[in-house]
Amino acid sequence: MPRLTVAVERFPIAGSFTISRGSRTEAVVVVATVEDGSFRGRGECVPYARYGETVENVAAFVDEQAAWIADGGGRFDLAGRMKPGAARNALDCALWDLEAKRTGRPAYELAGVAAPGPVTTAYTLSLGDPDAMEEAARGAAHRPLLKVKLGGEGDPERIAAVRRGAPDSRLIVDANEAWRPETIRDNLSACAAAGVGLIEQPLPAGEDGLLAEIDRTIPICADESLHDRAGLDALAKRYDAINIKLDKAGGLTEALKLAHEARARGFEIMIGCMVGSSLAMAPALLLAHHAAYVDLDGPLLLAQDRTPALRYEGSTVYPPQPELWG
């Protein structure tokens with residue numbers, strides 16, 4: 001009889017991680033484990049307060065599925081039982097891992113996608129004052145792709161400072177909804193001057209209609225404005241790309257469908273993450289072949305990852321070994 005258990009785990013962050021909504025010094029994750037005889041599948045999620053999630057309610061939502069799992073519930077029925085979000089992601093990824101272990105077939109084969117290979121991930125620079133961000137950029141200037149967290153007022157100075165610190169790196173900027181209609185044009189100009197390649201979620205979700213009206217030369221990527229396939233219709237003319245995160249979509253099952261439908265509509269794909277361990281990143285690597293941008297640097301921001309872990313060499317991340325996931 002399959003047995004579901006839930007655990008909360010904590011991973012200190014190297015220094016701190018700061019975005020427009022605040023700072024933190026540790027990653028707190030929820031891990032779902034489904035065991036069936038000698039087989040065990042695991043999935044990790046990161047609850048996000050922006051979406052009304054707490055560690056406690058996410059862990060409880062997962063735990064509520066224990067009787068259903070014991071009765072043989074599977075991932076194909078999850079969407080009818082749990083809403084998109086972190087809790088469903090943890091359980092969905094655990095069930096993928098369990099199926100891979102039971103069948104002896106890798107998860108990518110079960111998903112019908114190409115075998116994942118090594119990919120280049122973005123490396124995130126936390127929000128700070130321009131001098132601090134320039135120093136951080138200088139320390140990361142050897143990395144080919146940097147993701148720059150912005151915060152609203154003073155962003156043109158931050159963007160210019162990062163470009164001075166890392167003159168050769170490709171840049172993505174992520175405002176996390178912090179820009180406003182009266183500042184967006186100046187911020188877009190600053191991004192263009194710095195050679196930024198992509199801008200994530202400049203305006204608040206639900207208040208982003210202006211994006212359909214303004215002229216721009218840099219692609220705009222939806223993050224908070226999109227969770228799963230149900231949100232794609234609202235993005236027309238506003239966004240050029242979408243950031244797919246398993247914690248938003250509710251797991252790999254929905255994320256694979258979302259990537260397929262988004263590509264059919266002409267959106268570029270970014271594969272993103274919350275700050276978590278290698279166990280959270282591993283399933284997302286099955287989507288990397290769809291992506292123009294990969295942002296799976298969570299473990300690089302931790303003081304120490306879990307064991308076993310993904311292999312990172314600089315900004316190159318390699319596919320997971322079965323001992324970790326899939």
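Let me begin with two helices: helix 3, which covers residues 86-103, and helix 9 pack against each other at an angle of about 95°, and their axes are 8 Å apart. Please keep in mind throughout that this is a predicted model. For anyone new to this kind of description, two packed helices are described by the angle between their axes and by the distance between the axes. Angles from 65 to 115 degrees count as roughly perpendicular, and helix 3 and helix 9 are therefore roughly perpendicular to each other. If you look for the place where they meet, you will find R88, N89, D92, C93 and W96 on the side of helix 3, and L252, T253, E254 and L256 on the side of helix 9. Sorted by class, the contact of helix 3 with helix 9 has four nonpolar, two polar and three charged residues.

Which order do the strands of the open sheet follow? There are eight strands, and they are arranged as 5-6-7-8-9-10-11-12, with parallel pairing. At the edges stand strand 5, residues 123-125, and strand 12, residues 293-294, and because each has a single partner strand, one side of each is left without a neighbour in the sheet.

Let me turn to helix 6, which I would like to describe through two of its helix partners. With helix 5 (residues 130-139), helix 6 (residues 155-165) packs at an angle of about 30°, and the axes are 7 Å apart. An angle under 35 degrees counts as roughly parallel, and that makes helix 5 roughly parallel to helix 6. Helix 5 passes helix 6 in a right-handed crossing. On helix 5 the contact is made by P130, M133, E134, A137 and R138, while on helix 6 it is made by E157, R158, A161, V162, R164 and G165. The residues in this contact of helix 5 with helix 6 divide into five nonpolar, one polar and five charged.

The other partner is helix 7, and here the angle with helix 6 is about 5°, with the axes 9 Å apart. That makes helix 6 roughly parallel to helix 7. In this contact D155, P156 and I159 of helix 6 meet D186, N187, A190 and C191 of helix 7, and by class there are four nonpolar, one polar and two charged residues.

Which residues of helix 6 are buried? They are D155, R158, I159, A161, V162, R163 and G165. The elements that cover these buried residues include strand 5, helix 5, strand 6 (145-149), strand 7 and helix 7 (184-193).

L4 is buried, with a relative accessible area of 7%. Leaving aside its neighbours within four places in sequence, L4 is in contact with A32, T33, V34, V62, Q65, A66, I69 and L91. The C-alpha atoms of L4 and A70 are separated by 7.5 Å, although the two residues are 66 places apart along the chain.

Finally, a few points about the backbone. Most residues other than glycine have a negative phi, and most peptide bonds are trans. Against that background, N176, in the loop between strand 7 and helix 7, has a positive phi near 45°, and K237, in the loop between strand 9 (220-222) and strand 10, has a positive phi near 70°. Are these two residues buried or exposed? N176 is buried, with a relative accessible area of 4%, whereas K237 counts as exposed at 70% relative accessibility. The last item is a cis peptide bond, which joins T307 and P308 with omega at about -5°. P308 is found in the loop between strand 12 and strand 13 (312-313).

Definitions and conventions: Residues numbered from 1 in each chain as written. Predicted model: local features only at pLDDT ≥ 70, side-chain atom pairs only at ≥ 80, totals over all residues. Heavy atoms only, no water. Pairing = 2+ DSSP bridges. Helix = DSSP H or I, 4+ residues; strand = E, 2+ residues; numbered from the N terminus. Axes fitted to C-alpha atoms, helices over the stretch in contact; angles between N-to-C directions. Parallel < 35°, antiparallel > 145°, perpendicular 65-115°, else oblique. Left-handed = near helix turned anticlockwise from the far one by under 90°. Contact = heavy atoms within 4.5 Å. Nonpolar A, V, L, I, M, F, W, Y, C, P; charged D, E, K, R; others polar. Buried < 20%, exposed > 50% of the residue type's maximum accessible area, 1.4 Å probe, protein only.
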